[in-house]
Amino acid sequence: MECESARLAAIRATKKDLEAIEKSMEKHESFVKRKNDPTSPALDFHRKVTLASQNKFLIAALDILIFEEVKLESQITDLIVRERGEEYALQHRVIAEAIKQKDSLEAYRQMKIHIET
């Protein structure tokens with residue numbers, strides 16, 4: 001689902017979408033640098049990518065998954081996303097760059113690598 005969102009975002013993203021993705025990236029990177037919990041900005045990045053896909057089904061499905069993930073993660077003190085925040089921020093940057101370059105195959109590939117990580 002997220003790979004397809006990235007692929008479609010590379011094809012369909014508007015200038016406004018690209019700006020939102022970039023702003024989300026900057027916030028994520030800022031949280032990581034300040035050693036703040038990067039979970040929320042990381043999820044926001046995925047939401048911005050999915051919004052840029054302009055696919056209502058993918059947007060609705062991701063919103064449900066994020067809602068459920070936040071409920072679960074709030075009960076867990078040690079999350080991998082917190083430990084690997086810097087790595088994930090770098091991966092998000094690569095995904096964002098592929099989307100900006102309108103490279104749908106690379107956006108898909110990089111999201112797949114990220115999700116598998």
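Trainee: At 44% relative accessibility, how does Ile 115 count?

Mentor: Ile 115 counts as partly exposed, because its relative accessibility is 44%; in general, a residue is buried under 20% relative accessible area, exposed over 50% and partly exposed in between, with a 1.4 Å probe and protein chains only. Before we go on, note that this is a predicted model, in which local features need pLDDT of at least 70 and side-chain atom pairs count only at pLDDT 80 or more, while totals for chains, interfaces and linings use all residues. Residues are numbered from 1 along each chain as its sequence is written, and side-chain values use heavy atoms, with hydrogens and water left out.

Trainee: In which helix is Ile 115, and which residues is it in contact with beyond its neighbours within four places in sequence?

Mentor: Helices (H or I, at least four residues) are DSSP runs, as are strands (E, at least two), and both are numbered from the N terminus. Ile 115 has its place in helix H7, residues 104-116. Contact means heavy atoms within 4.5 Å, and, with neighbours within four places left aside, Ile 115 is in contact with Glu 2 and His 46. The C-alpha atoms of Ile 115 and Arg 84, which are 31 residues apart along the chain, are separated by 13 Å.

Trainee: Is Ser 104 buried or exposed?

Mentor: Ser 104, which is also placed in H7, counts as buried, because its relative accessibility is 16%. Leaving aside its neighbours within four places in sequence, Ser 104 is in contact with Arg 7, Ala 10 and Ile 11. By contrast, Phe 67, in helix H4 (residues 56-73), is exposed, with a relative accessible area of 52%.

Trainee: How far apart should the ends of helix H2 be at 1.5 Å a residue?

Mentor: The expected span of a helix is 1.5 Å times one less than its number of residues. For the 19 residues of H2 (residues 15-33) that gives 27 Å, and the end C-alpha atoms are 27 Å apart, which agrees. Helix H3, with 15 residues, reaches 22 Å from its first C-alpha to its last, close to the 21 Å expected.

Trainee: Which residues of H2 are buried, and what do they pack against?

Mentor: An α-helix has 3.6 residues a turn, so residues three or four places apart point the same way. In H2 the buried residues include Leu 18, Ile 21, Met 25, His 28 and Val 32, and the buried residues of this helix pack against helix H1 (2-12), H3 and H6.

Trainee: At what angle do the axes of H2 and H6 cross?

Mentor: Axes are lines fitted to C-alpha atoms, for helices over the stretch in contact, and angles run from 0 to 180 degrees between N-to-C directions. Angles under 35 degrees count as roughly parallel, over 145 as roughly antiparallel, 65 to 115 as roughly perpendicular and the rest as oblique. The axes of H2 and H6 cross at roughly 165 degrees and come within 10 Å, and H2 and H6 are therefore roughly antiparallel to each other.

Trainee: At what angle do H3 and H6 pack?

Mentor: H3 (residues 39-53) and H6 (residues 85-100) pack at an angle of about 15 degrees, with their axes 12 Å apart, and the two helices are therefore roughly parallel to each other. The contact is made by Ala 42, Phe 45, His 46 and Val 49 of H3 and by His 92, Ile 95, Ala 96 and Ile 99 of H6. For classes, Ala, Val, Leu, Ile, Met, Phe, Trp, Tyr, Cys and Pro count as nonpolar, Asp, Glu, Lys and Arg as charged, and the others, Gly among them, as polar. By class, the contact of H3 with H6 has six nonpolar, two polar and no charged residues.

Trainee: Where is Lys 35 found, and what is its phi?

Mentor: Most residues other than glycine have a negative phi. Lys 35, in the loop between H2 and H3, has a positive phi, near 65 degrees, and counts as exposed, because its relative accessibility is 73%. Lys 102 also has a positive phi, near 60 degrees; this residue is found in the loop between H6 and H7 and, at 41% relative accessibility, counts as partly exposed.
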